[in-house]
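Let's take a friendly walk through this complex. Have the sequence and the 3D view open as you read.

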Amino acid sequence: MKRMMRPILAAALAAAALFLTVPAGAAAPGVGECMDCHGDKTIEKTLANGQTLSLYVDLQAYRSSVHGGGSCVTCHASATAPHEKLKKVSCAKCHGDAEKSYAGSSHGKLRAKGITDVPGCDGCHGAHDIRKPKDPAARTFRLNIAATCLRCHKDRAIERKYDLPDEKVMAAYEESVHGMASKKSGLMGSAVCVDCHGNHTILPGDDPKSATHRQNIPTMCGKCHPGILEQYEKSVHGKGMRGGIAESPVCTDCHGEHTIAKVRDPSSSVSSRNIPKTCSGCHEREGISTRYALPKKRFSSYMDSFHGIAVEYGMTKAANCSSCHGVHDILPSSDPASTVHKANIPKTCGKCHPNAGPNFAKGDVHVEVSPKKAMGVFAVRLFYTLFISALVILFALHIGLELYGRWNRRRENGPGGKEGQS
Amino acid sequence: MSHADLAAGKVTRMSLLFRIQHLLLTLLLTVLAVTGFALMYHENSLAQWIIRLEGGVHNRGIVHRIAAVLLMANLVYHVFYMLLSREGKPELRELFIVRQDIDDFFQSLRYNLGAAKEYPRFGKYGYKEKFQYWGASAGIVLISVTGIMLWAEEFSMVFFPKVVLDLAIVIHGYQGLLAFLILFLWHLYNVHLHPSVFPMNPSWITGKVSAEWMREEHPLEYEKLKGKGLL
């Protein structure tokens with residue numbers, strides 16, 4: 001039954017299409033008629049500001065576009081041949097949902113105010129040459145999106161006018177792990193602008209509805225990194241963030257945004273060399289360590305250890321913060337599941353020190369030299385400091401005394417005295 | 001002691017073997033100090049420059065360990081030499097700290113302050129030399145033990161908790177600083193800047209000192225040599 005219905009339906013649709021276009025025939029011109037004028041490459045008009053606008057339409061491009069099967073009047077409904085200035089094309093007639101979400105975006109809100117240098121539909125999709133996003137020639141094809149957005153977002157005049165991040169921030173994306181994956185390696189799965197910022201609903205990061213608002217970032221990154229998100233949700237940082245602690249770190253706080261790089265990339269904020277500084281960005285802040293009762297001096301005590309010095313001088317094998325504390329699954333040492341819980345320390349140290357036993361857990365890893373935290377080290381250091389100082393003073397006194405004695409002897413004995421004879 | 005030496009008024013103070021041990025000690029301690037303090041004071045820009053000069057923190061460690069092994073070998077050789085050899089045994093007896101050394105120390109203080117008429121009369125080694133010798137020896141032994149503990153950290157931690165290794169790092173570093181200061185201030189003063197030897201006591205190179213210097217600074221040794229008919 002179904003099989004028989006198909007051709008009938010198709011015929012009915014074709015008849016309907018004919019009926020829709022033909023009856024207006026007298027007023028509505030066909031594509032051929034439009035192209036009589038618009039097929040001329042030199043046709044243009046002068047705008048109010050003196051600039052000229054080409055009115056040429058590339059029929060070839062139109063025909064191979066997603067709308068190429070239709071006719072001019074589908075969009076330019078009021079067109080006659082010839083005609084004066086036409087009414088604005090409204091895509092909403094067919095693409096109602098897109099229009100609606102666009103209206104709530106930064107671009108849409110400005111556009112509604114009559115500002116024309118923010119993109120409308122055609123700004124990103126093109127006009128006569130619109131192609132499906134899956135078509136590699138489309139402006140909205142995944143691998144072309146960065147170039148489409150950067151047409152405006154790398155323009156200094158626009159950046160300044162709308163107080164946008166400068167071109168360095170934009171250029172950073174192209175050098176990032178995501179940018180390189182799509183641009184250099186041509187990977188479709190790599191994040192492009194719209195994956196994080198959204199497409200029609202794009203909003204600035206400080207808007208709670210924005211996909212890039214702090215509270216939405218883990219979920220947003222988790223779209224492509226679900227395994228990591230799962231670990232993060234269980235970590236002290238993830239629980240804090242979901243619990244409404246806004247300063248609990250989200251993905252971008254450690255990894256960066258447009259600058260995200262591979263862990264092995266020395267420039268990455270999470271490379272073994274940089275991670276101590278990245279973690280210290282919060283953990284060395286007085287306010288944070290006091291507010292959440294965190295141990296202090298983690299950075300200086302680490303940098304003074306063999307691990308810290310080795311990492312500072314480029315030995316990437318040496319342990320950094322994440323080697324012991326974990327990465328996305330960080331838990332406080334009080335949690336029995338934590339890699340730095342006393343009971344788990346031998347196992348954690350054992351990742352690098354194969355024979356690590358219970359003695360590894362007897363003593364602090366971050367040695368904070370103070371009477372309360374490490375009395376032994378503090379006392380030995382104090383003893384040596386006093387002992388060395390006293391010894392140096394006694395040396396100096398002894399030397400001074402000896403010289404004084406010799407000088408006295410020489411003076412008493414005179415040049416011909418006991419000393420003089422020798 | 002050759003006749004030519006006697007005629008020139010020279011006395012042997014350091015035999016060739018002792019000079020070799022001393023030279024090795026000098027070179028190795030310098031290398032160990034440069035590589036060690038660079039790590040101890042790694043925040044310092046000069047230290048950072050030195051570490052880069054040594055080819056990074058990893059190579060620095062290799063250089064430090066090679067020098068340390070040679071130094072310990074030198075030390076072990078020295079111990080056996082002092083305990084067993086014909087030259088070493090009497091030398092060791094000369095170095096024992098005896099009651100007389102303490103008396104000498106106080107007498108020299110009194111003398112320098114003008115409270116005593118006579119300056120103490122030293123044998124081959126006075127209290128200054130003995131303090132230097134035993135101080136440096138004890139220091140090197142302590143540095144060697146802590147150094148080996150830190151080098152074989154996984155092995156050490158089979159026996160000791162981590163806190164002991166934290167102490168070992170502090171002791172290793174500060175004991176190094178102590179040894180360095182004794183050698184730099186005390187020893188270099190005694191053998192270079194002291195008025196009786198300025199600019200240098202040549203015995204560490206030639207092995208010999210003048211008989212006259214011996215009579216002045218180490219009269220008991222001078223008399224002993226004379227009594228044996230060696231002068």
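## Contacts and make-up of chain B

In chain B, 61% of the contacts with a separation of 6 or more join residues 24 or more positions apart; two residues are in contact if their C-beta atoms, placed from the backbone, lie within 7 Å. This is a predicted model, in which local features need pLDDT of at least 70, side-chain atom pairs count only at pLDDT 80 or more, and totals for chains, interfaces and linings use all residues. Residues are numbered from 1 along each chain as its sequence is written, while chains are lettered from A and ligands numbered from 1 in the order in which they are written.

Chain B has 12 helices and two strands, where helices (H or I, at least four residues) and strands (E, at least two) are DSSP runs numbered from the N terminus. Their order from the N terminus is α-β-α-α-α-α-α-α-α-α-α-β-α-α. Of its 231 residues, 23% are buried, meaning that 20 or more other C-beta atoms lie within 10 Å of the residue's own, again with C-beta atoms placed from the backbone.

## Confidence

The mean pLDDT (the predictor's confidence in each residue, from 0 to 100) is 92 for chain B, and 97% of the residues score at least 70. Within chain B, helix α1 (residues 3-8) has the lowest mean, 69, and helix α4 (residues 56-84) the highest, 96. For the complex, the predictor gives an ipTM of 0.91 and a pTM of 0.80.

## A helix with a buried face

Which residues of helix α17 (residues 275-283) of chain A are buried? They are Ile275(A), Pro276(A), Thr278(A) and Cys279(A). Viewed down the axis of α17(A), the buried residues fall within an arc of 165° (taken from the directions from the helix axis to the C-beta atoms), so they line one face of the helix. Their packing partners are α16 (251-255), α19 (298-303), α20 (306-312) and α21 (321-325) of chain A.

## Where the chains meet

Chain A brings 30 residues to the contact and chain B brings 31. On the chain A side, α20 and α23 (375-413) each supply at least two residues, and α23(A) gives the most, with 15 residues. That side divides into 16 nonpolar, 10 polar and four charged residues. Here Ala, Val, Leu, Ile, Met, Phe, Trp, Tyr, Cys and Pro count as nonpolar, Asp, Glu, Lys and Arg as charged, and the others, Gly among them, as polar.

Conventions: Buried ≥ 20, exposed ≤ 12 C-beta atoms within 10 Å, placed from the backbone.
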